[in-house]
Amino acid sequence: MELGLVCPDEFETFVAQFYIPTYILVPDARAERLPDVPECPVLVFINSKSGGQLGGDLLTTYRFILNKKQVFDLGEEAPDKVLRRVFLNLERLKQNGDEFAPKLEKKLRIIVAGGDGTAAWLFGVVSDLKLSQAPPIATVPLGTGNNLPFAFGWGKRNPDTDRESVMAFLDQVKRAKEMEMDSWHIMLRMKARKEHECEPIAPLELPHSLHAIHRVLPTDHLNLEGYDTFQGGFWNYFSMGMDAQVSYAFHSERKLNPDRFKNQLVNQAGSVLLSFTLLRGEFKNIGQICKVKVMRKHGDWQDLQIPSSIRSIVCVNLPSFSGGLNPWGTPNVRKRRDREFTPPYVDDGIIEVVGFKDAWHGLVLLAPNGHGTRLAQANRVRFEFRKGGAEDTYMRIDGEPWKQPLPVDDDTVVVEISHLGQVKVLATNECKAVSVLDPSSLPSSPMYHDDDRDSDKEDDSAGDEWRKFGAADTFRIPDDVDIAHLS
């Protein structure tokens, strides 16, 4: 529909499609009956600190259009508290015989506006709640990379915040299709740092999506005495090496000088500039600092041979990385046959493992059919870091980087990634992500044309038949992952 300046009656009719009455949102509020159940009721979460001034402006506009109680500032209230309160109230209303509540719950959708880290936060919270009818999520691009919104057709440019633009976005949400997206569990384990050591230890600043496991029991294989274990989830990518180092340098600079990083284009240009500045430094290849293993068939770990030129590894779930680029692409027919590669579906329980030689290598993604060095497809990936490789390395999950210290004694730092489950997302007709349930959409996008060039000269790892295996609770290590042997 075309949305321009609308008269009051048209405006009210439009808003009624998305409006949630206060008694649904606030326990014990006076019941507010509507003539009809809204066609597309939405809960809106906005990171008011994202996008410079845009986050705050967007919050104001949504609260002007909708019920203020259905629009939440993530700087004021965490989404887990909001959603727990709303769904507990919905359950209470249903038990009390309210006929409106179950119909609204069935149609409920979520909008989240922020960077990729903010979107991932919402995905994790919705997964953790284990809702019987989990609402699908639409993502508003309001960050620097905006990979998650771009993959599902919401664009990567920060949005306009005027009333007509927001109403147009709401209309897109109403017409959007539901898709499933794979969730990935990540476990990080390292030897506990001793408080009595002479030299002060800098605090480890991990992404908020990684949570410490504090229990240590004789029968508990999820943790080991004397080790710190963290677990969490991601939906887009995990990267390690030079790529994450560039991101870490950018985020550190932005934290020190936030006023210089309020413009999306300036942020993207600054990140590119850092990439080429860091080219002057020395980077060890991935094979020097860790051993990489992949599981293609359940229970069958295999060593992954990393070419000596690879300086970064990206485990990517979506066809969007570094602001919308597609590092895996689609292998040609010969490579699919010889190496048993499959198209990069977002709901097949398989993650793509890609290598990059340096920042210049990343420029190949800008060319038609450009891609990184395809290393493997797997449903589990393990990185093992031992003494002697390096003092530290850099890692990144869905846009959130950190500096990871590596072993100084005869211990091992372990990062293990495994398929976990799926979450519901909303996608537009411009969606770049492809479902295994709809493979016919694969050739229609220019991002997925067969690449007939033999550009993977160093790709010499072989693939085995892959098989999906069961899901487990979000942010819990899956039951069939035994990490006791990693000590």
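I started with Lys432, which sits over the face of Phe150, 4.7 Å from the ring centre. My rule for a charge over a ring: NZ of Lys or CZ of Arg within 6 Å of the ring centre and within 35 degrees of the ring normal. Arg374 also turned up, over the face of Trp328 and 5.8 Å from the ring centre.

A note on what I'm looking at: this is a predicted model, where local features need pLDDT of at least 70, side-chain atom pairs count only at pLDDT 80 or more, and totals for chains, interfaces and linings use all residues. Residues are numbered from 1 along each chain as its sequence is written, and side-chain values use heavy atoms, with hydrogens and water left out.

**Aromatic pairs**

How many aromatic pairs does a search of the whole structure find? I got 9. Rings of Phe, Tyr and Trp (its six-membered ring) pair if their centres lie within 6.5 Å; planes under 30 degrees apart are stacked, over 60 edge-to-face, and the rest tilted.

I looked up Trp154 and Phe169: their ring centres are 5.0 Å apart and the planes meet at 45°, so I logged the pair as tilted. It links distant parts of the chain, with Trp154 in the loop between α7 (147-151) and α8 (163-175), and Phe169 in helix α8, 15 residues apart. Helices (H or I, at least four residues) and strands (E, at least two) are DSSP runs, numbered from the N terminus.

For me, buried means under 20% relative accessible area, exposed over 50%, and partly exposed in between (1.4 Å probe, protein chains only).

Next came Phe238 and Phe383, another tilted pair, at 5.6 Å centre to centre with 50° between the planes. Phe238 is in strand β8 (residues 237-241) and Phe383 in strand β14 (residues 380-386), so this pair joins distant parts of the chain, 145 residues apart. Both Phe238 and Phe383 are buried.

**Positive phi**

Most residues other than glycine have a negative phi. I checked for exceptions.

Asp28 has a positive phi, near 70°. I found Asp28 in the loop between α2 (22-25) and β1 (42-46), and at 71% relative accessibility it counts as exposed.

Lys130 isn't a glycine either, yet its phi is positive, about 50°. Lys130 lies in the loop between α6 (116-128) and β4 (137-141). At 44% relative accessibility, I put Lys130 down as partly exposed.
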